[in-house]
Amino acid sequence: MRMIKMGAIDILKIMKTHPEKRTIEEILYLSYYLTEKVAFFKNEDFLDKEFMISVAEKVKFEIYEQSEVIMYKGDVGDKMYISIQGKFGVYLDVTTECLLNDPVAVIPEYTAIGERALKKDEDVRTATVMCLDPGQTLCLTLDKQSYQTLVYVSFYVLIILIFYLFLEIDFGC
C-alpha cells in the first residue's frame, strides 16, 4: 500500500487496464488495494486472498458523468459498483422531480453499492442511484455472473480440499 501511496504504482492505470490484459503483478496490487480500501471486501468473512485475486481479475473500470443514473429503483440488479472517485446520491423514487431534490443519502468513495444483486437471483434495486460530483465518477464494477462463478469455484475448491483431507485421515479400521 505504501508503494501505491508514494506513486510508485499507478493503481488508477491498473484499474483502467482491461481485465484480460492485467498482468499477475497488477492483479495482485489491485487485489491488495481493494481489500484495504473497500469496506465490503474487508467485512466479508468468507473472502480469502485467492478469492480477492479472482475479484481483481474480473472487476471492470467504468466512467459515469454527473447526474447520470447508474441504477433505478425496481430494476433487477446485474452488478455492483464501487466509486473510486466521486460520490453517489441515493433517491427513493425514480421520478425526475425526486432526482432534482437532495438525495436521502450520499455514498462516499470506496463504498460498494448494489452488492445484494450479486448474492441473490432476481434481486430488485430498492433505490435509484445517481452520480453527484461535477465531472466524472470513476467506478469499478463486478457483474453478477462473474461474482457467482467466483463464489461457486471457491466453494467447489473447498469441498475438494475437505475430501482430500478426509482421505488422509487414518481411522484405524
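Lys 79 has its place in strand E3, in a model that is predicted. Its relative accessibility is 18%, and because the limit for a buried residue is under 20%, Lys 79 counts as buried. The side chain of Lys 79 makes a polar contact with the side chain of Glu 62, at 3.0 Å. Leaving aside residues up to four places away in sequence, Lys 79 touches Glu 62, Tyr 64, Gly 114, Leu 118, Arg 125, Thr 141, Leu 142, Asp 143 and Lys 144.

Two packed helices are described by the angle between their axes and the distance between the axes. For H3 and H5 the angle is about 110° and the axes lie 8 Å apart, and these two helices are therefore roughly perpendicular to each other. The residues that meet are set out by helix below.

| Helix | Residues in the contact |
|---|---|
| H3 | Ile 27, Leu 28, Leu 30, Ser 31, Leu 34, Thr 35 |
| H5 | Lys 49, Met 52, Ile 53, Val 55, Ala 56, Glu 57 |

Sorted by class, this contact of H3 with H5 has eight nonpolar, two polar and two charged residues.

In soluble globular proteins, nonpolar side chains tend to be buried together. Here the largest nonpolar core has 29 residues, of which Leu 30, Leu 34, Phe 41 and Val 55 touch the most other members. Among the elements that give two or more residues to this core are helix H3 (24–37), helix H5 (49–58), strand E3 (79–85) and helix H8 (144–168), and H5 gives the most, with five residues. Apart from this core lies another, of twelve residues, including Tyr 81, Ile 107, Cys 131 and Cys 139.

Note on methods
Residues are numbered from 1 along each chain as its sequence is written. This is a predicted model: local features need pLDDT of at least 70, side-chain atom pairs count only at pLDDT 80 or more; totals for chains, interfaces and linings use all residues. Side-chain values use heavy atoms; hydrogens and water are left out. A nonpolar core is a set of buried Ala, Val, Leu, Ile, Met, Phe, Trp, Tyr and Cys residues joined through side-chain atoms within 4.5 Å. Buried means under 20% relative accessible area, exposed over 50%, partly exposed in between (1.4 Å probe, protein chains only). Helices (H or I, at least four residues) and strands (E, at least two) are DSSP runs, numbered from the N terminus. Axes are lines fitted to C-alpha atoms, for helices over the stretch in contact, and angles run from 0 to 180 degrees between N-to-C directions. Angles under 35 degrees count as roughly parallel, over 145 as roughly antiparallel, 65 to 115 as roughly perpendicular and the rest as oblique. Contact means heavy atoms within 4.5 Å. Ala, Val, Leu, Ile, Met, Phe, Trp, Tyr, Cys and Pro count as nonpolar, Asp, Glu, Lys and Arg as charged, and the others, Gly among them, as polar. A polar contact is a pair of N or O atoms within 3.5 Å; within protein, one must be able to donate a hydrogen and the other to accept it, and residues adjacent in sequence count only if both atoms are side-chain atoms.
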